[in-house]
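Here are my notes on the model you sent over. Have it open beside you as you go through the points.

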Amino acid sequence: MPDPISNLLSILDLEQLEHNLYRGTSPQVGWQRVFGGLVISQALVAASRTVDAERRVHSLHGYFLRPGDPSVPIIYEVDRLRDGKSFATRRAIAIQHGQPIFSLSCSYHRYEEGWNHQSTMPEVPKPDQLPSDIQLKERFLALMPKSVRDYWERERPIELRPVDLTRYVARIPQEPRQYIWIRAAGKLPEDPAVHEAVLAYASDMTLLDTTLVAHGKSVFDTDVQAASIDHALWFHAPFKMDEWLLYAQESPVTGGARGFARGQIWQAGKLIASVAQEGLVRPRWDKDTSLGDVSR
């Protein structure tokens with residue numbers, strides 16, 4: 001059986017059906033809807049295959065339109081909106097059952113020299129000072145609610161090391177921010193497009209959950225109805241997804257049954273990406289309805 005990162009790389013290697021038309025699949029792991037990060041990353045792969053390699057993606061903006069069905073393939077249709085001297089723009093639509101489930105717009109830029117500045121990377125414990133997946137399971141898993149245990153017991157293509165484990169073992173309101181070290185759970189090919197796609201996949205993990213930290217809630221709770229509405233990602237500098245990155249997340253506002261979160265992703269002191277997301281977060285009145293059946 002392939003390891004999780006090899007499986008992800010295989011799934012990201014889309015099949016080309018026709019000019020500007022690609023097909024992708026979902027991992028068969030029992031999920032009731034397609035993970036949003038997977039649709040983002042596959043749509044990015046489809047769009048990137050229509051752009052010359054000297055231009056790298058610098059921003060993407062996506063809207064989740066309908067829940068994805070993991071039991072059937074996803075068709076990605078790419079529109080080549082513009083190819084300029086420095087920039088190129090693409091739009092990719094993910095389609096299932098004859099309807100769009102996700103819309104992505106992304107922009108590519110040929111490298112140029114220019115002014116540089118950045119904010120300062122947060123000072124937090126380093127990954128080797130935090131529990132590994134195995135240590136986390138041994139020391140903390142029994143203390144976590146079942147829904148959280150199920151998540152941490154599942155093999156993932158992305159290794160996560162939270163700086164603070166409090167929210168995973170106790171449901172108490174806290175400052176709405178969290179810091180998580182992330183990296184691919186295995187070596188990746190050198191192709192920067194692969195690293196970009198895997199980061200796009202990982203950027204959707206844990207971000208919406210940050211909107212619930214201030215309320216002592218989690219997307220794992222059975223009385224919470226949560227679903228991503230949109231997702232934006234900006235790439236600032238080259239990076240290696242198979243080396244540790246710090247994902248610093250915060251939620252400045254939640255209201256009107258929507259939560260907003262933003263994140264900064266750092267590597268070796270350099271800000272390499274910024275993320276923003278808004279999602280549906282509302283109390284679930286029908287406790288028998290699974291998260292996979294969320295209707296917006």
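1. Some ground rules to begin with. Two strands pair if DSSP finds at least two bridges between them. Helices (H or I, at least four residues) and strands (E, at least two) are DSSP runs, numbered from the N terminus. This is a predicted model, so local features need pLDDT of at least 70 and side-chain atom pairs count only at pLDDT 80 or more, while totals for chains, interfaces and linings use all residues. Numbering starts from 1 along each chain as its sequence is written, and side-chain values use heavy atoms, with hydrogens and water left out.

2. Have a look at strand β12, residues 270-283. Ten of its 14 residues are buried, where buried means under 20% relative accessible area, exposed means over 50%, and partly exposed is in between (1.4 Å probe, protein chains only). Strand β9 (residues 224-235) runs antiparallel to β12, with eleven bridges joining them; S228, for instance, has G279 of β12 as its bridge partner.

3. Strand β11 (residues 258-267) is also antiparallel to β12, through ten bridges. Here R258 has L280 as its bridge partner in β12. The β11 and β12 hairpin has two residues between the strands, and A268 takes a positive phi near 50° there.

4. What joins the side chains of E278 and R258? They meet in a salt bridge, at 2.9 Å from N to O. The cut-off for that term is a side-chain nitrogen of Lys or Arg within 4 Å of a carboxyl oxygen of Asp or Glu. Because E278 lies in β12 and R258 in β11, the pair ties together parts that are 20 residues apart in sequence. E278 is partly exposed at 24% relative accessible area, and R258 is partly exposed too, at 41%.

5. How many salt bridges does the structure hold? The count is 16. In the one between D52 and R55, N and O are 3.1 Å apart; D52 is partly exposed at 31%, whereas R55 counts as buried at 8%. K217 and D223 form another, with their closest N and O atoms 2.6 Å apart. K217 comes out as partly exposed at 29%, and D223 likewise at 25%. There is also a network of salt bridges that links E175, R177, E250 and R262.

6. Is Q249 buried or exposed? At 2% relative accessibility, Q249 counts as buried. Q249 belongs to strand β10, residues 245-255. The side chain of Q249 makes a polar contact of 2.7 Å with that of T206 and one of 2.8 Å with that of T210. (A polar contact is a pair of N or O atoms within 3.5 Å; within protein, one must be able to donate a hydrogen and the other to accept it, and residues adjacent in sequence count only if both atoms are side-chain atoms.) Leaving aside neighbours within four places in sequence, Q249 has contacts (heavy atoms within 4.5 Å) that include P176, I180, M205, L207 and G263.

7. Last, the helices. Helix α1 (residues 4-12) and helix α2 (residues 36-48) have axes that come within 10 Å and cross at roughly 50°. α1 and α2 are therefore oblique to each other. On the α1 side the contact is made by L8, I11 and L12, and on the α2 side by L38, S41, Q42 and V45. The axes are lines fitted to C-alpha atoms, for helices over the stretch in contact, and angles run from 0 to 180 degrees between N-to-C directions. Angles under 35 degrees count as roughly parallel, over 145 as roughly antiparallel, 65 to 115 as roughly perpendicular, and the rest as oblique.
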